[in-house]
Amino acid sequence: MEKKNIDWSNLGFAYMQTDMRYVSNYKDGAWDEGALTSDANIVLNECACVLQYAQTCFEGLKAYTTEDGHIVTFRPDLNAKRMADSAARLEMPVFPEDRFVEAVHKVVEANAAYVPPYGSGATLYIRPYMFGSNAVIGVKPADEYQFRVFTTPVGPYFKGGAKPITIRVCDYDRAAPHGTGHVKAGLNYAMSLYAIVDAHQKGYDENMYLDAATRTKVEETGGANFIFITKDNTVVTPKSGTILPSITRRSLLYVAEKYLGLKTEEREVYLDEVKDFAECGLCGTAAVISPVGKIVDHDKEICFPSGMEKMGPTIQKLYDTLTGIQMGHIEAPEGWIHTIC
Ligand SMILES: *Cc1c(COP(=O)(O)O)cnc(C)c1O
């Protein structure tokens, strides 16, 4: 297969249309058999439930080329499960988990020419999503849905090394107790746009959201979970019913324990104790881990000892081990790597 003529190492994170995408429609209580299509556009009624009441959820994962030349994805079964949970919380029919993995497989295979070569640092980003598609004006769930998967090649997250970022403690909340913070709903992102534009205007890279009930505990950023390292090298991640269960974070905790022999704790993390940590990072599919150098809490600054030049040593080890597993340099736990071709 001949690769597309793309300058892989200079790609950013932007949508580029690829050849094929997967579509399945839900009607009269059942999903149809689904198919690949070259049509990137969707025609919807003006009153479609997704347009009026934001009935939509999504997933995000990547396909990439390993050192030995295979195209693979990382733990797509967990994306399938998470999307099933999101759909259930939003009163949408679940797209069967095995069919989700199969759809991802087919779309990546059909767009193999867009999967960046090994060593470029670039990847093929995969976006599964679904939405209520028929007209609904009284507030209720749709009766018809569409599930789609498209792909788009994206550049290396860190160009020229991972520089630590600066984040601020945000005065807006992301998720209410017993709300939808734990599912990947489009609505969680719509309401975060104001806060992220404001943060960027003020010179911060990201927002640290606190728990809405007490505003004393660390939750996450708009699109990544926190990971902290204590001074005695324990890996700590916030536990909360209102954060999105990051697959990267769950994988890092496993790697910390089973590959690096580190102690791990998943527990409530108070903002007051953040100043005592040695390292801080954000974890998600896009970057695996972005190191955080500084957190600004209004008139107070928390500067981590790892500084603003490079990742802290333990976060670096976690990053190297997980990316090593993904790229095939380090043996993966059973079932983590899904080979496409
Ligand atoms: C998608 C997402 C993450 C990261 O999850 P991964 O599975 O690691 O990509 C973290 N927080 C939020 C709010 C998200 O939407």
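Tutor: Before we start: a salt bridge here is a side-chain nitrogen of Lys or Arg within 4 Å of a carboxyl oxygen of Asp or Glu. Keep in mind that this is a predicted model.

Student: Is Asp 198 buried or exposed? And Lys 202, buried or exposed?

Tutor: Asp 198 is buried, at 13% relative accessible area, whereas Lys 202 is exposed, at 52%.

Student: Switching topic: how many salt bridges are there in the whole structure?

Tutor: A search of the whole structure turns up 17.

Student: What does Arg 174 pair with?

Tutor: Its partner is Glu 220, with N to O at 3.0 Å. This pair links distant parts of the chain, 46 residues apart: Arg 174 is in the loop between S9 and helix H4, and Glu 220 is in the loop between strands S10 and S11.

Student: Why does Arg 174 count as buried?

Tutor: Because its relative accessibility is 8%, and the cut-off for buried is under 20%. Glu 220 also counts as buried, at 2%.

Student: And what about Glu 309, which side chain does it meet?

Tutor: Glu 309 meets Lys 163 in a salt bridge, 2.7 Å from N to O. Those two are 146 residues apart, with Glu 309 between strand S16 and helix H7 and Lys 163 between strands S8 and S9, both in loops.

Student: Exposed or buried, that Glu 309?

Tutor: Exposed, at 57% relative accessibility, while Lys 163 counts as partly exposed at 45%.

Notes: Residues numbered from 1 in each chain as written. Predicted model: local features only at pLDDT ≥ 70, side-chain atom pairs only at ≥ 80, totals over all residues. Heavy atoms only, no water. Helix = DSSP H or I, 4+ residues; strand = E, 2+ residues; numbered from the N terminus. Buried < 20%, exposed > 50% of the residue type's maximum accessible area, 1.4 Å probe, protein only.
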